[in-house]
Amino acid sequence: MQRSKGSTITPMLSSQLGNRNPSWRARMGRWLQHGDRIWRTALLVASLLTVLLVLMIAWEIWTGSTLSRHEFGWNFLLPWVESVWNPALDRFQAWPAIYGSLITSLIALALAVPFSVAIAIFLSELAPPVLRTPLNTMVEMLAAVPSVVYGLWGIYVFLPVVVTPIGRVLAASVGSVPGLSLLFAGPMPVSGTSRLAAALILTFMVTPTIASVSREVLQAIPRSQREASLALGATPWETVWKVLLPYGLSGILGAVILGFGRAIGETMAVTMVIGNVSGSGYSVLRPGYTMASIIANEFAEAVSDMHTSALIEIALILFVVTIILNVIARWLVASVNRKTMGS
Amino acid sequence: MPQDLFAQIDLPRVYRRRRFLNDVALSLTGVAVALAVIPLVWIVVYVFLKGMQNINLDFFIHLPQAMGTTGGGVTNAIQGSIVMVLVAVVVAIPIALLVAFYLLFHPQTLLGQILRFSTDLLAGVPSIVIGLFGYAILVVPFKHFSALAGGLVLAMIMLPIVIRSAEEMLKLVPKELREGALALGAPEWKTSLSVVLVAALEGIVTGVMLAIARATGETAPLLFTALGNEHYNVVAYVRQGISQHQSIFQILHKILAEPTDALPLTLWKYAQQPYPERVAQSWTVALVLMFFVLALNIGARSWLARKRRQTRG
């Protein structure tokens, strides 16, 4: 707002001074508002480009999946007991991949949430200042390790050492219990590649996301809440459990949903440990696919247009799901800040 | 907590139980932190030990050998990563800074809000989807995979990260600085670039470093854009170009228009090959990649923390 004044002053001054025939450069400079016209155009163009980029992504995957959307309709998405993903016959249903994404992400969340919230509590409420920064950095480094490195470590270390033994025990114990056998039927492949392996690796990958957002939520809670609770005689734990967690609940929920978005979109590590097989039932001990891993694994080799189009439709599902999750999560996290400002 | 005070009194049972619960629950949160650190330490130490076995000069300066033979290096991947990250930096950072300034000047306008929403969406889109998009608009029309396509896709990954951190940092610059410069008659662009930007520079550089670390480790978007190329060698292209008296554009074209390898891409391919030499090399690639990414992360964070302490003090 202040800048427009500057631009109106210049012509007035020059006319008062009687400079009727300014040089070409001076006139050009005035017309450009001494460069501000270019500057503002550049800002606007860059901003529009960014918005356009998102619209183009949506448009490309919408048009790219036309073939598959018309051919298969809603059947592509709906859960069927017997789903087909058959490039040879050009018949595609995404349910096995959707199921794989859901089950691996949900197991990962179920394992990661208690841990992450505990880490957030420790880092925001308990850790002595000397330890706070290094521990915080270490937790964030867990998120910084590239996904492929998790995958490599997963294949050669984590799977044989941890996942295969767990898988054997699960298959032997609950694998034959009626009802549970649907989820825990063995045998797990010797290499350990399975939905369970993907879920466990994802646990490591989403923990830092949930922990650091939850920590920020807890730290945003006003000090007065803690002081009031402690002054009433509550122990520190009672303060955390009965005051801070309820206060920050929506924000922590937002953090969990953000973690869910991260888990669903995670590609490389999952592709390396899940085995990449379609249609192998519902057992977590068996190999499978996720939405992201089926794209990573098959897109380069897709020959028919229908196969390509079906994979792009899976990308469309991923895109829509992550948009919805991100919107909800951000709204929830922001609601804690609104509450704090309101009080 | 004045817990020692409690210890001296003979407390009723309910107090003791509350204290016990308090101690147990709080120690459990400490245990959770310790458990979370285990996988990090495990990965870092294991990758370090495995990777160090194969590290030597050849690894950095030689092209890969034929499969099944020992020796050779991954200079193609190292050079490819450098080229593509450079392309991403050159494209993403100016745009991201302009967008951040736009958000600073117009936080509440309609376009400002749409822009913030788009940035959040872009940050949330899975990188594999961005890779598919890059394939559709950067590879299909030109009919070949290229370093340029890979670099531009990485730019899309970096864009939202840099926009967000730059906006935060620009917002922290006191308004008086800007007003002072404008009052002295400086045009808005000059005020923005030589006063506001400079004041926020440290924070912005930190954000850029984190974005570079993220882009360097990304594999999924490169699968269908850079593809991989075991003969990619910028040094040889430049040398050959000079000896044949090619123009700089011809050499640049050769560098940017070829299919290209990258460290994470090489790691992904080598890890799944049945040749033990390649798997052994993939651990070294992991070590180089992880060292670079973690060093950038830790460096950026500690630098920013130190600057913050200085300004506060």
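Me: What should I know before I start reading?
Reply: In this predicted model, local features need pLDDT of at least 70 and side-chain atom pairs count only at pLDDT 80 or more, while totals for chains, interfaces and linings use all residues. Residues are numbered from 1 along each chain as its sequence is written, chains are lettered from A and ligands numbered from 1 in the order in which they are written, and side-chain values use heavy atoms, with hydrogens and water left out.

Me: Which residues touch the most other members of the largest nonpolar core?
Reply: Here is the general idea: in soluble globular proteins, nonpolar side chains tend to be buried together. A nonpolar core is a set of buried Ala, Val, Leu, Ile, Met, Phe, Trp, Tyr and Cys residues joined through side-chain atoms within 4.5 Å. Buried means under 20% relative accessible area, exposed over 50%, and partly exposed in between (1.4 Å probe, protein chains only). In this structure the largest core has 172 residues, and I295(A) and I128(B) touch the most other members. Helix α4 (residues 75-105) of chain B gives the most to this core, with 18 residues; helices here are DSSP runs (H or I, at least four residues), numbered from the N terminus.

Me: Which residues is I295(A) in contact with, leaving aside its neighbours within four places in sequence?
Reply: Contact means heavy atoms within 4.5 Å. The partners of I295(A) include L311(A) and L318(A) from chain A, and I128(B), L132(B) and F224(B) from chain B.

Me: Is R226(A) buried or exposed?
Reply: R226(A) counts as buried, because its relative accessibility is 17%. E125(A) has 22%, so it counts as partly exposed.

Me: Which chains hold D120(B) and R330(A)?
Reply: Their side chains meet in a salt bridge of 3.6 Å, N to O. D120(B) lies in helix α5 of chain B and R330(A) in helix α15 of chain A, so the pair joins two chains.

How values were computed:
A salt bridge is a side-chain nitrogen of Lys or Arg within 4 Å of a carboxyl oxygen of Asp or Glu.
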